[in-house]
Amino acid sequence: MVQGQIPIEEYETGNTKHKWDLKKLRFAHRVLFEYNYKKGELKKGYADRTLYINLTNKEIKEKKVTDEMKKKFTGGRGFGLKLLWDSIKSTTRWDSVENDLVITTGPLCGITQYPGSGKSLCLTISPATNIICDCNVGGFVGPYLKFAGFDALEIQGKAKDDVIIFIDGENGKITVETAPLEETNSHLLNEQLTHMYASEDSDKSRQKVAIASSGKGAEHSWWGCLNFSFYDIRRKVPRIKQAGRGGLGTVLRNKKVKAIIVKVEKIHGLSNNPADPETLAKVGTKLHREIRDRDRYQCNMRAVGTGHLVEIMDDYDLLPCENYRFGSFPKAPKIYSPKFYEYFTKIIPDGCWHGCTLACSKTVDGYTVMTGPYKGQKVTVDGPEYETIAAGANMSIWDPLWILEFNFYCDTYGIDTISTGTSIAFYMEMYEYGILNKDRCDGLELCFGNTEAVLEFLHRIARGEAGEFINVASKGIRRAKDWLIKKGWGDPQVIEDSGMESKGLEYSEYVTKESLAMQGGYGLTLKGPQHDEAWLIFMDMVNNAIPTFEDKAEALHYFPMWRTWFGLNGLCKLPWNDIEPANNAQTNEPAKVPEHVQNYVELFNAVTGRNIDKKELILQSERCYNWQRAMNVWMGRGQRKDDWIPYRSMGPVTETEYISRKERYDKQLIEKLGLKKEDVDKISTKEKMKILYEYRKDQYQKLADAVYYRRGWTPNGIPTPQKMNQLGMDDPKIIEMLQEKINEDEHAGLNVWGGKYTKGEKPPTIQLKYWEKW
Amino acid sequence: MDKPSTVKILKFHPEKCDGRLACEKACSQVHFKSDEGGEKSAIRIIKVGKSYKMHVCDQRGLCIDICPVGAITRKKNGVVWLDKNICIGCQACVGFCPIGAMRKSESRIQPFKCISCGACVRACPYGALELVEVKIDDIKEIVYHKLGK
């Protein structure tokens with residue numbers, strides 16, 4: 001049914017309605033500690049202070065944001081890095097009492113005129129990787145935090161019992177209170193708290209409340225995500241967006257925080273107090289028009305969200321199917337975006353922040369839950385987005401309804417659909433090989449496509465029923481690999497090569513086997529294998545636009561820096577290149593979408609009143625990117641060995657995979673490795689795989705060489721003091737630490753290139769200690 | 001709630017227009033308490049050759065569904081109305097209006113539009129403008145979606 005112009009109060013989702021005794025729930029709260037603060041006006045995108053809460057010491061204080069901090073760290077993720085640096089130790093782990101969970105905004109966060117301007121950046125030490133994980137998430141929490149008066153929120157320490165943190169921007173007060181009776185799972189908890197904390201019983205009032213929460217799944221696994229709410233006045237439900245990667249929800253629940261609630265007094269078009277509102281309106285309107293005219297012919301985001309990628313990835317052999325073994329699948333058309341379009345509620349502004357007309361946050365309303373504790377209830381499912389659908393493909397789930405079920409429970413249990421899906425896909429492959437079986441999986445038949453088993457697995461995690469398998473498996477692939485190898489089940493090499501994790505974090509949902517640059521886009525990253533640093537598959541594989549190592553390294557410099565910038569400012573990446581101007585293909589560098597880069601330069605200047613250009617914009621990112629890498633080094637990682645990726649992401653691990661792309665691989669053996677066709681025809685698949693294995697691994701090392709050099713790092717991937725000084729990131733403590741690490745590497749013989757260079761091939765430079773001359 | 005079935009929209013008789021823009025001045029008086037007209041007027045009269053053309057909202061209401069905060073509604077008299085106290089200035093309606101009739105003046109962040117108040121009709125000394133009643137079902141439009149592939 002497609003209808004429009006229904007008065008908002010008459011909209012019906014058909015969801016199950018709940019009746020709670022909210023007074024009783026609230027009456028059970030006990031205020032543990034509180035803090036009154038002076039409300040202030042934002043100045044050119046900044047609140048100029050951050051909020052610090054220590055749950056152990058029961059301390060709340062404000063920290064000043066200095067001009068120096070703005071200059072070096074810009075905002076958002078940059079501020080998060082600075083706050084972490086000031087608060088944690090190199091030995092801090094995810095569950096250490098001093099671990100910080102930081103939610104930050106950024107100077108552009110909260111403007112309403114330009115699509116995609118309401119993102120929060122969340123940072124903490126991840127259980128998966130033991131280093132900093134940063135996530136970019138929509139919803140109202142970030143903008144409201146800033147409008148309530150703070151550029152960032154920092155939570156250190158741990159509470160004894162479940163608490164909620166209430167930031168009351170209406171009254172200038174922060175309270176930490178016990179919350180014993182509320183639900184834990186997000187879809188119910190958010191509804192309770194939204195109604196409880198709204199100043200009046202109206203939808204407009206409820207829209208002024210935003211919540212960050214997680215769920216039961218986050219308590220018992222390392223896949224915990226943060227759900228950020230945004231109240232939908234038409235659907236009359238708090239909807240959610242996820243800070244999914246790296247177990248941030250696990251850290252939230254480990255700190256015994258049930259929810260963070262932020263309430264604002266009012267919002268208006270200029271809450272950010274920008275220097276030049278007219279430019280914001282002009283640039284914003286221009287993009288709205290572009291979206292209006294072009295989205296339907298480009299990505300179709302407004303209709304189906306990021307799900308439009310499923311059919312494209314399947315077409316290009318890039319959709320991860322059955323644990324990344326294949327890039328396409330005969331059943332894949334069953335989960336193409338038109339299938340989900342049938343279920344999505346239509347004609348509603350679906351932005352996760354006001355004014356986002358790209359509107360990719362689709363929902364299915366009135367979805368009838370099929371399993372688990374909410375079986376039979378009708379709920380709103382937020383999504384699914386591309387990654388969740390593709391996670392379905394990875395587990396060989398080809399039914400849109402089961403993907404919705406998986407999506408719903410992952411969300412409300414507070415676990416990441418990506419890590420969960422990628423991990424289960426790995427367990428399924430191990431099940432297929434007999435390395436795992438029903439006995440070893442605590443009675444679960446985790447074979448490809450067994451949807452009931454997948455959901456049962458999630459329910460058991462949420463219930464905290466830990467059998468040996470569930471206990472290990474819910475900590476992700478890295479720990480499961482170690483466990484399988486320790487048990488002596490199966491060939492360790494197959495286990496290592498097939499489980500798609502790097503740095504301890506599970507891969508997001510793209511097949512990278514045939515694009516070397518994309519392998520770097522996943523491996524040569526700060527937090528782990530996530531496509532938010534660079535997505536180079538088409539540039540590299542389809543258009544062949546970056547053929548040499550040097551070209552690839554340039555792309556793996558520019559794009560990660562450019563994409564980092566969104567996180568420094570509280571922005572979404574999608575309106576940059578998921579909508580393109582009509583003449584983009586005719587520009588010099590279409591992959592960069594130059595007109596949109598210029599939009600961002602203008603937006604930044606219009607908000608902050610500064611006068612930067614596109615080069616300064618990259619420098620802003622470089623400062624923070626290198627700082628984060630340096631912090632990884634400080635924490636004992638951030639070196640070449642940590643940037644290693646599993647062979648499944650480089651090439652065919654199994655004979656089936658080789659045969660499925662035999663022509664491509666045989667051709668590579670002939671063209672790249674100089675084998676004769678008749679020889680290739682003669683030798684066995686196993687032998688060919690071995691040759692390819694060595695070749696591709698060496699290619700990856702050479703890529704790392706080129707990228708490290710381009711980024712201004714040592715051959716072991718350590719940011720050099722010279723580079724840090726050039727960027728103005730000259731904190732003596734960090735410079736000294738880097739120099740020590742470089743000296744240690746020198747001693748250990750690690751300051752050498754990783755690739756094997758034969759005749760006619762050159763490493764990036766033959767000079768030893770080249771950085772010392774910079 | 002009874003839904004309106006008709007709405008008054010502006011009709012223009014260019015042969016009666018002398019191009020002095022009394023209508024625009026009256027309109028900017030309504031919206032901005034200013035008689036500047038031009039950028040501050042919801043109705044625009046544009047000279048085309050020797051004649052004139054009117055550019056104004058036709059109350060089709062596509063903007064209603066795109067407003068994230070529900071600031072745009074159809075009133076009892078059928079007019080599409082933007083409540084500037086609710087509006088958060090995102091300009092989505094300005095960008096998505098297919099005829100560019102949702103306007104933005106530099107003097108405030110919230111857009112504005114024709115509300116069929118008739119001030120321009122009364123201001124025109126030659127009767128070049130009139131309000132005519134049309135059926136909403138005949139003009140109604142909803143936000144465009146490509147309906148799957």
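Tutor: Of the 149 residues in chain B, 43% are buried. The model is a predicted one.

Chain B contains 5 helices and 6 strands. Read from the N terminus, its elements follow the order β-α-β-β-α-β-β-α-α-β-α. Along the principal axes, the C-alpha atoms of chain B fill a box of roughly 45 × 35 × 35 Å. The radius of gyration of chain B is 16 Å, which agrees with a compact globule, because a globule of 149 residues would have a value near 15 Å. Among the contacts in chain B with a separation of 6 or more, 59% are between residues 24 or more positions apart.

Next comes the contact between the chains. Chain B contributes 31 residues to it and chain A contributes 32 residues. On the side of chain B that touches chain A, helix 2 (62-66), strand 4 (72-74) and helix 3 (92-96) each supply at least two residues. Helix 3 of chain B gives the most, with 4 residues. Sorted by class, this side of chain B has 15 nonpolar, 9 polar and 7 charged residues.

Chain A has an open sheet of 7 strands, in the order 1-9-8-13-10-11-12, with mixed pairing. Strand 1 (31-36) and strand 12 (237-243) of chain A are at the edges; each has a single partner strand, so one side of each is left without a neighbour in the sheet. From one strand to the next, the twist averages 20°. Within this order, strand 10 (residues 209-213) and strand 13 (residues 257-263) of chain A pair in the antiparallel sense, over 5 bridges.

For helix 27 (residues 662-671) and helix 29 (residues 685-711) of chain A, the angle is about 65° and the axes are 11 Å apart. Helix 27 passes helix 29 of chain A in a left-handed crossing. Helix 27 of chain A makes the contact through A:Tyr665, A:Gln668 and A:Leu669, and helix 29 of chain A through A:Lys688, A:Ile691 and A:Leu692. By class, this contact has 4 nonpolar, 1 polar and 1 charged residues.

A:Asp745 has 19 other C-beta atoms within 10 Å, so it is partly exposed; a buried residue would have 20 or more. Leaving aside residues up to four places away in sequence, A:Asp745 touches A:Thr714, A:Asn716, A:Ile718, A:Leu750 and A:Asn751. A:Gln639 is 106 residues from A:Asp745 along the chain, and their C-alpha atoms are separated by 10.0 Å.

Notes:
Residues are numbered from 1 along each chain as its sequence is written. Chains are lettered from A and ligands numbered from 1 in the order in which they are written. This is a predicted model: local features need pLDDT of at least 70, side-chain atom pairs count only at pLDDT 80 or more; totals for chains, interfaces and linings use all residues. A residue is buried if 20 or more other C-beta atoms lie within 10 Å of its own, exposed if 12 or fewer, and partly exposed in between; C-beta atoms are placed from the backbone. Two residues are in contact if their C-beta atoms, placed from the backbone, lie within 7 Å. Axes are lines fitted to C-alpha atoms, for helices over the stretch in contact, and angles run from 0 to 180 degrees between N-to-C directions. A crossing is left-handed if the near helix is turned anticlockwise from the far one by less than a right angle, and right-handed if clockwise. Ala, Val, Leu, Ile, Met, Phe, Trp, Tyr, Cys and Pro count as nonpolar, Asp, Glu, Lys and Arg as charged, and the others, Gly among them, as polar. Two strands pair if DSSP finds at least two bridges between them. The radius of gyration is taken over C-alpha atoms; the globule rule is 2.2 Å times the number of residues to the power 0.38.
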